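Trainee: I would like to take a close look at one part of this model, the pairing of charged side chains. Please go through it slowly.

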Amino acid sequence: MIPDTPQPWLKLERLSFSRGERTILKDISLDLRAGELTLLTGQNGSGKTTLLRILAGLLKPHQAGFQFAGNRRKWRQSYRFLREQICYLHQHPYLFDCSVYDNIAYGLKRKKLSRQVITTRVGEALELISLEHLAQRNCHELSGGEKQRVAIARAWVLSPRLMLLDEPVSNLDKRSRGICYDLINRLQQQQIGVIYTSHEPQVGWLNLSRHIHLYGGELTMKPLQPEKPTVVELHKGTTGL
Amino acid sequence: MESLSAASYQALYLLFTGDSALWTIIGISFSVSVRALLYAAPFGILTAFLLAYFSFPGRRLLVSVFNTALSIPAVVVGLTLYILLSKAGPLGDWRLLFTQDAMILGQIFLCFPLLVAMAHSALQASDRRAWETALTLGASPLRALLTILHETRFGLIGALVASFGRIIAEVGSSMMLGGNILNYTRNIPTAIALETSKGSFAEGIALGLVLLSLALFLNILLGQVQGKGEVIQ
C-alpha cells in the first residue's frame with residue numbers, strides 16, 4: 001500500500017456475478033477512498049454497468065465480501081448501507097415527471113429534512129449547475145446536457161461518499177461535456193468520490209486519481225499520465241495485478 | 001308499448017324531477033361499484049407491480065391467468081360465487097347471498113383481472129431506471145413504489161376507469177348475487193333488465209341515459225388527464 005494513502009471506507013472483495021452461463025464479473029476486488037476520481041473503462045458488455053449497479057446496492061452479486069471501515073458485512077447487511085452512501089447515475093439519467101426543483105429535492109424529502117433546509121440545499125444545487133432559471137421547468141422539457149446536470153445535482157445534494165457516473169457525457173455536445181467535466185472535478189474537490197465509466201481512455205479534462213479497466217470480467221489497473229501518481233491499491237485477488 | 005320518444009321524454013322527466021326510486025337505484029349502483037373498485041384497486045395495482053418488476057416462479061403463468069380471466073363472463077362469476085355463497089355452499093355460513101356485500105364480492109372478481117392486466121401493461125412499459133433512481137436517492141421500496149405509480153399514473157388511471165366501466169354496467173353477477181331487491185340490491189343494470197322485461201321503458205331509458213352519461217364523463221375525464229401526458233415535442 002502506498003504510504004499516506006487514506007484508509008478505504010469501503011473494500012470490495014472477490015466479487016463475482018454471472019447471468020445464466022455467462023460470467024460477467026470474476027473475482028473482483030477494489031478499495032474505495034474518499035475523494036478519489038476513478039476512470040473505469042471497458043468495451044460494451046464488459047460489465048461496467050453491472051459493477052456500478054452492484055456497488056450502488058441495486059444488484060445482488062453472486063459472491064462478494066464488503067468491508068465498511070474494517071467491518072466485514074454480508075450482502076444483506078450491506079445493500080442498504082451502499083444505497084445510503086452511494087448514488088448511481090444511469091447513462092441516460094431518469095428524471096421524474098416533475099419540476100427541476102422537485103427532482104433535486106426528491107432525496108432530501110426522503111431524509112425528512114425541514115422545508116427550509118430543503119429549499120436552501122436545492123438552491124445551492126441549482127447554483128452549482130447554473131440552472132437557477134429553470135427551477136420550475138418540467139424536467140422532460142430539458143436538453144440532454146441540462147438533464148445530466150440536474151441528475152448530478154440531485155445526487156450531490158445528498159452528500160454521498162461516492163457517485164457512480166455511467167458514461168455521463170456519451171451523448172453530449174462539447175460545451176455540455178465541458179460543463180459536466182467541471183462539475184465532476186468540483187465533486188472531487190468536495191471529497192466526494194466518483195467512479196466515471198467510459199469507452200474511451202482519454203478524458204483529459206478530468207483530474208483522475210486512477211484508471212481501472214474491465215476486460216473479460218476481470219479488473220486491471222491502467223497507467224495514468226506519467227507525472228500523476230495513482231493512489232489506489234487493488235487487491236492481489238484481482239487477476240492481472 | 002309506449003313510443004320511444006314518449007318513453008325518452010318520461011325518462012328525462014324522471015331523472016330531472018329527482019324521482020326517489022330511480023335515484024335510489026343509481027345510488028346503490030355507484031355505492032356498490034365504487035366500493036368494489038376501492039377494495040380491488042390497491043391489491044390489483046400491487047399485484048401488477050410485482051408481476052412487472054420482480055421475477056419469481058410462476059410469474060408468467062399468473063400473467064396468463066389474469067389475461068385469460070379477462071374474458072370470463074360476468075354471469076359465470078355470478079354463478080360460481082352463487083354456488084359458494086348459497087346456504088348449501090362452503091361459504092354459506094357467511095350469509096352474504098342477496099346482499100350488497102355479495103355484489104361487491106362479485107364485482108371485485110370481475111374487475112380484478114382487468115385491473116391487473118391493464119396496470120401490468122402500464123407498469124411493464126414504465127422505465128426501470130425510475131425504480132433504481134428512487135432507490136439510489138434513498139427512497140424506501142414502498143416510497144419507490146409510490147414514485148413508480150406516479151410516473152405511470154396515466155396508464156393506471158386508464159386501468160381504473162376501464163375497470164369501473166366494466167363493473168358499473170355488468171348485470172349477470174349483480175342479478176345472481178344481489179337478487180335485484182328493491183331499495184337494497186337493485187342497481188342500474190338489473191333495474192334496466194327488470195323494467196324492460198315489464199315493458200316499462202321510461203325507467204329503463206332513464207337508467208340507460210345515466211350509464212351513457214357516465215361513460216361519456218369518464219371518457220372526457222380520461223382524455224383530460226391523458227392529454228396532459230402527451231409526449232413533449
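How many salt bridges does a search of the whole structure find over all chains?

Mentor: The model is a predicted one. Over all chains, the search finds 14 salt bridges. Side chains of opposite charge can pair when their charged atoms come close. A few of these pairs can be taken in turn.

Start with A:Arg72 and A:Glu13, whose closest N and O atoms are 2.6 Å apart. Because its relative accessibility is 60%, over the 50% limit, A:Arg72 counts as exposed. A:Glu13 has a relative accessibility of 16%, which is under 20%, so A:Glu13 counts as buried.

Next, look within a single helix. A:Asp182 and A:Arg186 form a salt bridge at 3.8 Å, N to O. A:Asp182 counts as partly exposed because its relative accessibility is 40%. A:Arg186, at 31% relative accessibility, is also partly exposed.

Chain B has a pair of this kind in helix H10 (residues 188–198), where B:Glu195 and B:Lys198 lie 3 residues apart, again about one turn. Their side chains meet in a salt bridge of 3.6 Å, N to O. Here B:Glu195 is buried, with a relative accessible area of 5%, whereas B:Lys198 is exposed, with a relative accessible area of 55%.

Salt bridges can also join up into a network. In chain A, one such network links A:Asp31, A:Arg33, A:Glu36 and A:Arg210.

For the setting of the chain A pairs, consider the chain as a whole. Chain A contains 6 helices and 10 strands. Of its 241 residues, 56% are buried. Among the contacts in chain A with a separation of 6 or more, 68% are between residues 24 or more positions apart. The accessible surface of chain A is about 11500 Å², and carbon and sulfur atoms account for 46% of that surface.

Technical notes:
Residues numbered from 1 in each chain as written. Chains lettered and ligands numbered in written order. Predicted model: local features only at pLDDT ≥ 70, side-chain atom pairs only at ≥ 80, totals over all residues. Heavy atoms only, no water. Helix = DSSP H or I, 4+ residues; strand = E, 2+ residues; numbered from the N terminus. Buried < 20%, exposed > 50% of the residue type's maximum accessible area, 1.4 Å probe, protein only. Contact = heavy atoms within 4.5 Å. Areas by Shrake-Rupley, 256 points an atom, 1.4 Å probe, with all protein chains shown as cover. Salt bridge = Lys/Arg side-chain N within 4 Å of Asp/Glu carboxyl O.
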